[in-house]
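This report is for a reader who is meeting the structure for the first time.

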Amino acid sequence: MSDHKGEDALLVFTPSGKRGRFPLGTPILQAARSLGVDIDSVCGGRAICGRCQVELSEGTFAKHGLTSAPSHLSPLSATEQRYAEKRGLGAGRRLSCQARLMGDVVIDVPPESQVHKQVVRKRAEVRAIALDPATRLYYVEVAEPDMHNPSGDLERLCDALATQWGVSSLSCDLGVIQVLQKALRAGQWAVTVAIHHTERDANRIIAVWPGFHDQICGIAFDIGSTTIAAHLCNLSTGEVLASAGMMNPQIRFGEDLMSRVSYVMMNPGGDAEMTAAMRDAINLLIGQVCEEAAISRDTVMEAVLVGNPVMHHLLLGIDPVELGGAPFALATSGALNLRARELDLHMNPGGRLYILPCIAGHVGADSAAVVLSEGPHLQDENWLIVDVGTNAEIVLGNRQRLLACSSPTGPAFEGAQISSGQRAAPGAIERIRIDPATLEPRYKVIGCDLWSDEPGFAEAVEITGVTGICGSGIIEAVAEMFLAGIVSKDGVIDGALAARSPRIEPQGRTFSYLIKDGEPEIRITQNDIRQIQLAKAALYAGARLLMDTMGIDKVDRITLAGAFGSHIDVKHAMVLGMIPDCPLNRVSSAGNAAGTGARIALLNAGARREIETVVRSIEKVETAIEPRFQEHFVAAMAFPHKTAPYPNLAQVVALPEPKHVGGADEEREGRRRRRRAS
């Protein structure tokens with residue numbers, strides 16, 4: 001692992017993933033600007049505004065091939081010390097205009113230091129949910145103590161609940177008993193109690209308020225490897241009161257799941273760091289949604305959390321190393337009922353947590369939530385559901401049989417490892433069309449409803465500018481290049497087209513396609529296309545492997561789930577061959593299905609029992625050890641596929657006949673990807 005101390009050093013920025021070598025002594029802010037990294041600064045590097053704060057990520061990073069240490073930055077300068085004394089500088093924070101490069105480092109740019117804030121696209125989908133929450137409120141009038149009746153306040157409270165509400169078999173948290181007497185007297189012997197109903201706890205009193213209290217809330221959390229989303233719900237009405245999202249702070253330890261597992265392997269205590277970072281983020285989101293809804297944290301009595309297996313284990317404080325290699329053993333796969341204080345979550349002291357069951361080693365509670373949301377186990381048709389992300393989770397089946405697998409797509413679909421790529425933020429290209437006659441592009445960016453060739457576009461994006469291209473934009477760009485003939489079925493940019501259009505430019509031994517000139521320049525390179533080929537081939541291979549196991553050659557219906565999946569144009573996804581052929585009117589986006597499943601489990605206790613039963617019946621197919629995955633992967637490198645027919649797609653767009661693609665490179669790439677997955 002490099003510990004570079006030469007004339008220059010390697011600098012890697014997260015979450016963008018941008019990297020470069022710079023001479024020792026280079027200010028971090030200067031390096032960031034040269035790489036196009038999004039760091040805010042309005043004072044010109046004079047350490048006045050404090051907006052350029054960054055954090056050093058300490059440890060050994062196998063993915064980047066370096067060890068990052070505090071000594072690899074210049075010591076805290078006198079200017080930084082003065083700023084810290086006057087305005088405060090968070091623990092571990094540095095001013096990037098003052099900190100200088102002294103060795104190989106990984107630098108994290110926190111959200112508040114980014115000019116173009118990340119857009120977390122995990123909104124609460126509109127869904128009718130039958131209300132049957134596990135925690136309910138009961139207002140009761142309790143008999144006053146009597147010298148002739150020696151029973152305690154708790155016993156008389158239980159009697160009142162049995163008489164007035166028919167609630168029996170009651171137990172009580174110690175925390176409630178400790179405050180019960182004051183609550184009864186403050187409420188003049190009338191109180192409202194929250195009772196949690198589960199098979200394990202039966203009927204348990206978990207909170208008490210003096211007098212009449214008519215609102216309790218719960219929060220559904222979708223913990224993704226890239227983003228965390230929270231939806232605050234009224235448990236009595238089901239109404240979504242507030243939603244918030246943020247980047248998962250674990251990104252600074254690695255963009256994909258295996259990078260984070262590798263970080264734990266290389267850095268003792270790394271799992272505890274990531275657990276603390278995740279829980280801090282969750283607590284921050286609890287505060288944000290409560291503030292937005294103008295309620296107290298004390299009102300939050302329940303939370304449901306879903307995530308992939310690595311996120312699941314890190315949330316629980318479990319070392320995820322066993323998930324880094326076969327047989328990918330989970331510490332536990334069952335549903336969990338916990339108390340909020342066990343995970344140090346800042347809500348009502350008696351608050352309860354429910355974590356959905358995991359399906360298998362790399363198919364987690366988030367996939368279980370997708371199944372609960374979409375209900376493939378209730379349908380007769382063969383339904384393929386794909387939760388697109390850095391590690392795609394795929395479910396196929398019907399009411400008779402359900403299969404699941406995961407596929408290592410990598411972060412390219414989210415803009416990482418792409419030359420002009422970025423995560424979704426205002427100014428990022430998210431839609432693109434290319435004229436097949438002129439090869440001229442037009443595009444839309446996040447935050448603007450106009451196309452680039454429409455009047456007023458330049459004025460509309462004057463503040464944000466056009467900053468890069470995000471995942472949905474990358475997919476459309478490559479698909480449009482293929483449809484326009486710029487890219488062959490083998491994924492090669494046709495350099496001969498440079499005679500037709502100045503947008504086709506030589507780049508070393510290959511060519512690139514220029515979308516936007518100026519600053520910053522946005523183009524699609526040959527390597528960008530290769531990254532998309534690798535990602536889409538892995539996604540298709542996982543789906544095709546499930547189809548083989550099911551014994552079918554086509555699916556009846558396809559749903560793209562996840563925040564990213566909901567922004568993919570399904571036609572372009574099929575043009576690339578990300579998914580098998582299917583009538584386009586039978587391909588849809590489910591939005592944040594995992595978040596919806598978490599809300600269903602939050603608002604309906606019966607749904608928890610339902611998904612626990614369904615998960616036990618799902619068959620897991622392991623892509624990492626299945627030889628056919630490699631075969632499907634190689635064939636899927638072509639656009640849309642080397643051999644598989646796409647008759648439904650051919651009815652919508654003109655597709656050339658499949659040609660043979662060079663096998664040697666794809667074979668090597670396939671072996672490399674399988675090694676990474678295992």
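In which strand is the place of D387? The place of D387 is in strand β18, which covers residues 383-387. The structure is a predicted model. D387 has a relative accessible area of 14% and is therefore buried, the cut-off being under 20%. Leaving aside its neighbours within four places in sequence, D387 touches V370, A392, E393, A561 and G562.

**The chain as a whole**

Along its principal axes, the C-alpha trace spans about 100 × 70 × 50 Å. The radius of gyration of the chain is 27 Å, which agrees with the value near 26 Å that a compact globule of 678 residues would have. Of these 678 residues, 60% are buried. Among contacts with a separation of 6 or more, 68% are between residues 24 or more positions apart.

**Two helix pairs**

Two packed helices are described by the angle between their axes and the distance between the axes. The table gives both values for two pairs.

| Helix pair | Angle | Axis distance |
|---|---|---|
| α3 (residues 153-165) and α4 (residues 174-186) | roughly 70° | within 10 Å |
| α11 (residues 526-550) and α16 (residues 627-635) | about 130° | 8 Å |

Helices α3 and α4 cross at roughly 70°. Angles of 65 to 115 degrees count as roughly perpendicular, so α3 and α4 are roughly perpendicular to each other. From α3, residues D153, L154 and L157 meet I177, L180, Q181, L184 and R185 of α4. By class, this contact of α3 with α4 has five nonpolar residues, one polar residue and two charged residues.

Helices α11 and α16 pack at an angle of about 130°. That angle makes α11 oblique to α16. The crossing of α11 and α16 is right-handed. On the α11 side, the contact is made by L534, A537, A538, A541, G542, R544, L545, D548 and T549, and on the α16 side by R628, F629, H632 and F633. The residues of this contact of α11 with α16 divide into seven nonpolar, three polar and three charged.

**Backbone details**

Most residues other than glycine have a negative phi, and most peptide bonds are trans. Which residues are described here with a positive phi, although they are not glycine? W189 has a positive phi of about 70°, and the phi of D344 is near 60°. W189 is found in the loop between α4 and β10 (190-198). W189 is buried, with a relative accessible area of 14%. D344 is found in the loop between β16 (336-339) and β17 (352-355). With a relative accessible area of 48%, D344 is partly exposed.

The bond from E519 to P520 is cis, with omega near -5°. P520 is found in the loop between β25 (510-516) and β26 (522-524). The bond from F639 to P640 is also cis, with omega near -15°. P640 lies in the loop between α16 and α17 (647-650).

Definitions and conventions
Residues numbered from 1 in each chain as written. Predicted model: local features only at pLDDT ≥ 70, side-chain atom pairs only at ≥ 80, totals over all residues. Heavy atoms only, no water. Axes fitted to C-alpha atoms, helices over the stretch in contact; angles between N-to-C directions. Helix = DSSP H or I, 4+ residues; strand = E, 2+ residues; numbered from the N terminus. Parallel < 35°, antiparallel > 145°, perpendicular 65-115°, else oblique. Left-handed = near helix turned anticlockwise from the far one by under 90°. Contact = heavy atoms within 4.5 Å. Nonpolar A, V, L, I, M, F, W, Y, C, P; charged D, E, K, R; others polar. Rg over C-alpha atoms; globule rule 2.2 N^0.38 Å. Buried < 20%, exposed > 50% of the residue type's maximum accessible area, 1.4 Å probe, protein only.
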